[in-house]
Amino acid sequence: MAMDASELAAIIANGENSGVEFKRDGARAESVAREIVALANMRGGHVLLGVEDDGVVTGLQREAGEVEQWVINLCRNAVQPPLIPFWEVVRMPGAGTVGVVSLPEHSPDKPYRARKGNAWVTYVRVGSTSREATRDEEARLFQAAGLVRYDLKPVPGASLSALDRRRLTNYFADVLGQDCPERDDEDGWVTLLLNVDLAVQTPVGVTPSVAGMLLFGAEPHRWLPQSGITASAYQGDAADYATQDEEIIRGPLVRLTSSPAHNGGPATLKRGGLLETVEDGVIDAAVRFVLRNLRSSAYLDGAVRKVVKDLPEEAVREAVVNAVAHRDYGYHQTDIEVSLYADRLEVISPGRLPNSVTVEKMKRGYRAARNELLKEVLRDYGYVEHRGMGVRNRIIAGMRAHNGTEPELIEEEDRFTVRLYRGFPPEPAAGGDGRSER
């Protein structure tokens, strides 16, 4: 959509920021390419040609058509991979003409690089400044674009002894219902884990993959400090030092279940079958934390006493599973946050959504995943829907059915938040015997 003079004036009045860069006409091509790349790599935005750093409009000094061709050539020859921005010219009454180079929020070919001398450099936008990306930032851009699978990377320094063999046996024999090596068959386990990407062959030996460690590690936090969940319950509607309950949840993501195949019984359970939980994983522990801190309401439905919580368990579980499955594990030292307030639950996962994912697509059931292997194993355990419709069905529809509220899905610069509003379902229809809250 074309921009008019009043819209442009408002943008200029707000000054440079994370989505707006001012450049005079005549700025060096390398400098303009850097700004274009930095914006394209982040949330998109506008480079305004013909505007000084202080916001004074000096206008284009060349013919608009000449500047347009210059920008097109710049984006083709000084940007890698080449991109095609949206170009328009806006006439500012009494101030001159401004060339507007617009970059979309979701560019398909991230990360982009700009030429710097004889090198190609990745730039990112931080506030009103564009700078070279750090190694971790560049890795996250590649991961967001689906060019690098972080969950398949090796865990440096760890050996296969860092994985819990009980949980591995439980997964293959009982959850999947397939043959697996005996616990002391090292060669057999190496072959199996390499074949399913839960382990990686490196120059110094076989090591667990990130997914393998997150799912089945004996002490995942020792190797991946970002692997846990920090859970807090507050009495009021804002964070406070005086918490009602708090827990730092560590350990493998998935539960350990009963193992009939390794307790004298036949391995007859089908994939996805119900198994009794022996030890919680991080996901189940986080859900239990929330449930024990929710308010309950009891009522009689005829002669039957029923108890409901002020959040539905399915929506809570889906919010936690979504965070675990899709967070950016490239953010080191940063846990998922589960925060329960008097009026709402917030589940915050580090990192932005992957390149092709938007909040609107999530609401419609879009299936793209950042950590594909992680998601597939969680699906085997029944944490993830096979249809990939958990957000739409369990969170959005689930909250509407429970108490009529709309969940909020919020993408910010370096995190994604699912916000669920607490509240009980409507009072029982006439004929019930009332409700008491506790």
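I started with helix α2, residues 29-41, in this predicted model. Helix α2 lies across β3, β6, β7 and β8. I read its direction against β7 (119-126) and got about 60°.

Next I looked up the sheet under that entry. The sheet is open, has 4 strands in the order β3-β6-β7-β8, and its pairing is antiparallel. I noted β3 (79-80) and β8 (129-132) as the edge strands, each pairing on one side only. Between β3 and β6 (residues 113-116) I found 2 bridges in the antiparallel sense. Gln80 has Arg113 in β6 as its bridge partner.

I then turned to another open sheet of 4 strands, with the order β1-β2-β5-β4 and mixed pairing. β1 (20-23) and β4 (86-92) each have a single partner strand, so one side of each has no neighbour in the sheet. Neighbouring strands here are turned by 20° against each other on average, direction ignored. I checked β1 against β2 (residues 45-49): they pair in the parallel sense over 4 bridges. Val20 stands opposite His46 in β2. Helix α1 (residues 5-13) packs on this sheet and touches β1, β2, β4 and β5 (96-103). The direction of α1 makes about 95° with that of β4.

Last, I looked up a pair of helices. The axes of α10 (residues 313-326) and α13 (residues 390-403) come within 9 Å and cross at roughly 140°. The crossing is left-handed. Among the residues that meet are Glu314 and Ala315 in α10, and Arg394 and Ile395 in α13. I recorded the contact residues as 5 nonpolar, 2 polar and 3 charged.

Technical notes. Residues numbered from 1 in each chain as written. Predicted model: local features only at pLDDT ≥ 70, side-chain atom pairs only at ≥ 80, totals over all residues. Heavy atoms only, no water. Axes fitted to C-alpha atoms, helices over the stretch in contact; angles between N-to-C directions. Left-handed = near helix turned anticlockwise from the far one by under 90°. Contact = heavy atoms within 4.5 Å. Nonpolar A, V, L, I, M, F, W, Y, C, P; charged D, E, K, R; others polar. Pairing = 2+ DSSP bridges.
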